[in-house]
Each structure stands twice: as structure tokens, then as C-alpha cells.
Amino acid sequence: MKDPEAFCQAAVRDLRDRIPGTAIVAASGGIDSTIAAVLAQQAIGERARAIFVDTGFLRQGELEAVAGYFARSGVHHRVVDASDRFLGELDGIADPEEKRRRIGRTFIRLFEEEAARAGTDRLVQGTIAPDWIESGGSGRDTIKTHHNVGGVPKDSALTLVEPLRDLYKDEVRLVAEHLKIPQADRQPFPGPGLAVRVVGPISRDRVALCRAANAIVEEEVEKAIARGALPRPWQYFAVLLPVRTVGVTGDNRIHGEAVSVRIVDSRDAMTATAVAPPPELLRRIAERITRERAGQIARVLYDVTDKPPATIEWE
Ligand code: XMP
């Protein structure tokens with residue numbers, strides 16, 4: 001793609017041809033699906049129905065942040081609260097691949113129902129070239145496409161419309177600039193969300209615990225960035241570990257779980273370096289998590305592993 005203007009005109013024409021009636025748009029709050037939503041709106045106006053799914057695995061404040069981003073980008077969307085459904089499907093599941101399979105399946109069923117309700121079978125999504133080129137390899141990639149919904153099963157009633165299918169990330173950025181869509185100001189966040197940051201069995205309580213610890217990590221890292229104590233890292237988050245570990249509060253011994261803090265730098269997520277954060281930042285994070293979640297989290301660890309050999313996410 002050389003000319004974003006020509007690309008957008010062709011994409012809009014193509015979307016009009018391929019969507020005779022209404023279409024639903026799977027909007028995740030990321031830049032790719034936001035561009036897909038904007039192009040769909042330009043092509044078919046209000047017949048494009050963008051949907052943001054609350055899976056129950058979102059971070060603290062995420063719904064509000066995504067709503068703000070859509071507003072700045074001119075995307076009209078509706079939130080579908082499917083948190084009980086996703087939490088129900090994943091309750092007690094500990095195997096990482098099984099978590100991703102169930103999430104992928106639940107997303108697809110949900111989109112099928114939403115499409116039926118809108119009287120269409122067309123699902124617009126922001127799949128880009130690396131999503132399908134890299135898929136089919138490891139389990140994660142297969143499922144990653146699943147809920148980017150590249151991997152819609154053959155028996156699905158959905159017909160995919162993927163206007164950005166041939167673009168690479170740098171081209172996506174050019175199109176975003178052309179359409180005056182701001183770069184999303186959030187760090188990369190996996191589609192399965194906190195489900196893959198709650199190591200071990202999923203439960204409503206453990207997801208809430210992970211969310212609370214993650215919010216503390218984000219807050220403290222952002223404060224440290226603001227006072228110039230470290231440059232903005234690529235990703236920074238908390239992972240809840242299924243470990244029973246001993247702690248003391250006052251005169252009492254307690255058993256709690258452990259949280260691992262991960263802060264990495266990267267250019268493209270293919271490789272990553274564990275950041276060496278200021279000790280004061282780590283101390284503050286550990287102190288807050290163990291105090292604000294006393295009796296639940298007894299220990300905070302810092303993950304010093306690069307990618308490779310580790311991946312960025314734990315699961
Ligand atoms: P890993 O853990 O493979 O992650 O080093 C590389 C980048 O991809 C994100 N990630 C995911 N994104 N679905 C996604 O959409 C997933 O299942 C998934 N797993 C990892 C991760 O946050 C990092 O930015």
C-alpha cells in the first residue's frame with residue numbers, strides 16, 4: 001500500500017459491495033479494529049454496528065478508556081456485557097490452551113447471536129496480515145486468530161469481512177493517520193485478557209484479585225514514568241500465581257497467593273527485555289499489593305526473564 005487515500009477509497013467500495021444489509025463490527029479498542037469500524041461506518045453508515053464485548057477479563061477502567069478512545073476516533077459502539085457468560089465458561093479451568101479455546105468459542109457464539117439479532121451474517125473485523133500469516137503454528141497463534149476471529153469454524157453462520165487483511169502494522173499506522181484516528185494510548189493487552197494472567201484455575205475472585213494487583217502495577221509505573229524515574233515500558237502488568245505462601249500480618253500467620261510483576265521493553269513483541277526498574281518502584285508496588293490485599297496476596301515477585309527464553313505473557 002503506497003497511498004492511504006486510495007486504499008481507503010477502495011476499501012470503502014469493497015465494503016459496500018460485500019455488505020448488502022447490516023454488519024456487526026468486532027471492536028476491541030485496538031487500532032486495527034478501530035480502523036475497520038471507521039471504514040465500515042464510512043461505507044454503510046449506521047448499518048455498521050460496532051460491538052465491544054465485556055468478557056469479565058478486562059482491566060480496571062478499561063470500559064471507560066475504550067469508550068473514550070472510540071469517541072475520539074468517531075466510532076459509534078455498543079457494549080455487550082458478557083462477563084457472566086465468559087466467567088461461567090471458564091470457571092475452574094486451569095489449562096492455558098483450554099482457556100483460549102473456550103474464550104474463542106464463546107466470542108464466536110456471541111458474535112453469531114449478535115449478527116442474527118441484527119439480521120445479518122456479516123462480521124467485520126480488523127485482522128491484519130501478520131494475524132493470519134503467523135497463525136496455525138503454536139496453540140496461542142491458532143487461538144489468537146480465533147478471537148481475532150480469523151479462525152471462525154467452518155460450520156459458523158458468519159461471513160467475515162476483513163478490510164485490513166493485506167496490511168502490515170506500519171501501513172495500518174499510515175491509514176490511521178490519514179483517517180485522523182489517534183494511536184491507542186494503551187499498552188498491548190492480549191485478547192483473552194486477564195484470563196491468561198490468572199495462572200491456575202479461573203474464578204471470579206481470582207480474576208478480581210489479579211485486576212486489583214494489575215491496577216496497582218499500572219498506577220505505580222505510570223506515576224514513576226511521570227516523575228521521570230523510568231522511560232515508558234512496552235508492557236507492565238501483574239500475574240496471579242496459584243501458590244500458597246505464608247505471610248504475617250500483625251501477630252497472625254496467613255496463607256496467601258503470590259503476584260509476579262512483569263515490566264518489559266520491546267519493539268515488536270517478538271523479543272523483549274525485562275526492565276530493571278528502580279528498587280523504590282518495586283518496593284512501593286509490593287507494599288501496596290500486600291497491604292491493600294492483605295490476607296489474599298502474601299508475596300510479590302519480579303520476573304527478570306527476557307523473551308526468549310520466556311514469553312511476555314506467562315500463559
Ligand atoms: P507473548 O506472550 O507470546 O506475547 O510473548 C507477545 C505479545 O502478544 C500478546 N499476546 C496476545 N495477544 N491474544 C492476543 O491478542 C493472545 O492470546 C495473546 N497472547 C499474548 C502479549 O501481550 C504480547 O504483547
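The following exercises, each with a worked solution, concern a predicted model.

**Exercise 1.** Determine how helix α1 and helix α2 pack against each other, and which residues meet in their contact.

*Solution.* Begin with the geometry: helix α1, residues 4-18, and helix α2, residues 31-44, pack at an angle of about 65°, and their axes are 8 Å apart. Next consider the sense of the crossing, which is right-handed where α1 passes α2. Then look for the residues that take part, and you will find that α1 brings F7, C8, A11, V12, L15 and R16, while α2 brings L39, A40, Q42, A43 and I44. Finally, sort these residues by class, which gives nine nonpolar residues, one polar residue and one charged residue.

**Exercise 2.** Find which residues of helix α8 are buried, and explain why they are on the same side of α8.

*Solution.* First pick out the buried residues of α8, a helix that covers residues 169-178: they are E171, V172, V175 and A176. Because these residues cover an arc of only 145° around the axis, they are on the same side of α8.

**Exercise 3.** Locate G29, decide whether G29 is buried or exposed, and list what G29 touches.

*Solution.* Start with its place in the chain, which is the loop between β1 and α2. Its relative accessibility is 2%, and since buried means under 20%, G29 counts as buried. Leaving out residues up to four places away in sequence, G29 touches T34, F52, V66, Y69, F70, A184 and R186. As for L63, which is 34 residues from G29 along the chain, the C-alpha atoms of the two are separated by 9.3 Å.

**Exercise 4.** Describe the largest nonpolar core and the surroundings of V53.

*Solution.* The largest nonpolar core has 45 residues, and V53 is among those with the most contacts inside it, together with F57, F111, V221, V259 and I289. Among the elements that give two or more residues to this core are β2, α5 and α10, and α9 gives the most, with nine residues. Apart from neighbours within four places in sequence, V53 is in contact with L58, V80, A82, F86, F107, L110 and F111.

How values were computed: Residues are numbered from 1 along each chain as its sequence is written. This is a predicted model: local features need pLDDT of at least 70, side-chain atom pairs count only at pLDDT 80 or more; totals for chains, interfaces and linings use all residues. Side-chain values use heavy atoms; hydrogens and water are left out. A nonpolar core is a set of buried Ala, Val, Leu, Ile, Met, Phe, Trp, Tyr and Cys residues joined through side-chain atoms within 4.5 Å. Buried means under 20% relative accessible area, exposed over 50%, partly exposed in between (1.4 Å probe, protein chains only). Helices (H or I, at least four residues) and strands (E, at least two) are DSSP runs, numbered from the N terminus. Contact means heavy atoms within 4.5 Å. Axes are lines fitted to C-alpha atoms, for helices over the stretch in contact, and angles run from 0 to 180 degrees between N-to-C directions. A crossing is left-handed if the near helix is turned anticlockwise from the far one by less than a right angle, and right-handed if clockwise. Ala, Val, Leu, Ile, Met, Phe, Trp, Tyr, Cys and Pro count as nonpolar, Asp, Glu, Lys and Arg as charged, and the others, Gly among them, as polar. The arc is that of the directions from the helix axis to the C-beta atoms.
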